[in-house]
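Please work through the exercises below with the sequence and the structure at hand. Each task is followed by a solution in steps.

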Amino acid sequence: MSDSVVTPPKWGSTEMLPLPGRFNTAVRSLAARRFAATGEQWKDSVFERQFDIFSMEDARAIEQEALDSGYRFEYSATVSLESEPHKYKRTDREARAFSEDRDSDGRRHVGIGDNVIKKSQTVIGPVALISAVEQVMELLTDGIPPGTIAVIDDSGGTLTAPIIEGFAGVICLGGTVRSHLGILAREYDVPTLMNCKINDLKNGDLVELEVTAAPPAADAYETGDTGHARIWLIESES
């Protein structure tokens, strides 16, 4: 989509948000070009040939161009971070809060969380620590490596929403199973643990999520009965 200047509509003020402004400007620009090409008076065209001037197919094409460009993502991903940055900081946590010993499967217990969707099998994959718009834009453009498990903070539901369905799993360091991210996880059937407490993890660490655990009960956050799904780090024997 071209970076056209947003022109004020005759019927009101300019749009407050950039994406509607960008979309509406593209609509007005296309309609103006189509109308100019008719050589007719507006009153003779607006009712008789309105679908020649602008159609549903045109609207879908403009919308798809915005989606393909990634433009719609950048604003939605950053608005919460800019407006309330104090809410989106990773909480301090003690390192090595969990077991130092490996179990019989060669796993080390490195975290707990609240399971959003109960699955029949655990999920295993390399983690990707995601905290910046630039990272998500790169994944949006180049694709998410198969099996990736995203580690995000409490703002990550907004940050990663456009690519959430591409992850094999998600570890979120805040929120609850009723948070926006929990809703997205259920909608896209993405194995997700919320409200997680974890040891430090590095990009590429192979982890296993206990998404076979039952989700928290309705009153779990009032009673404190949370954190039953475990996270393991899978280490080589060498």
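This is a predicted model: local features need pLDDT of at least 70, side-chain atom pairs count only at pLDDT 80 or more; totals for chains, interfaces and linings use all residues.

**Exercise 1. Determine how many disulfides the structure holds, and account for Cys-172 and Cys-196.**

Solution. 
1. A disulfide is a covalent bond between the sulfur atoms of two cysteines.
2. The criterion to apply is a pair of cysteine sulfur atoms within 2.5 Å.
3. For Cys-172, the nearest cysteine sulfur belongs to Cys-196, at 7.0 Å.
4. For Cys-196, the nearest cysteine sulfur is in turn that of Cys-172, 7.0 Å away.

**Exercise 2. Classify Cys-172 and Cys-196 as buried or exposed.**

Solution. 
1. Buried requires a relative accessible area under 20%.
2. Cys-172 has a relative accessible area of 1%, so it is buried.
3. Cys-196 has a relative accessibility of 6% and therefore also counts as buried.

**Exercise 3. State where Asp-189 and Asn-195 lie, and describe the phi angle and accessibility of each.**

Solution. 
1. Asp-189 is located in the loop that joins α8 (180–188) and β5 (192–198).
2. Its phi is near 55 degrees, a positive value in a residue other than glycine.
3. With 45% relative accessibility, Asp-189 is partly exposed.
4. Asn-195, by contrast, belongs to strand β5.
5. Although Asn-195 is not a glycine, its phi is positive, at about 55 degrees.
6. The relative accessible area of Asn-195 is 22%, which makes this residue partly exposed.

Note on methods
Residues are numbered from 1 along each chain as its sequence is written. Side-chain values use heavy atoms; hydrogens and water are left out. Buried means under 20% relative accessible area, exposed over 50%, partly exposed in between (1.4 Å probe, protein chains only). Helices (H or I, at least four residues) and strands (E, at least two) are DSSP runs, numbered from the N terminus.
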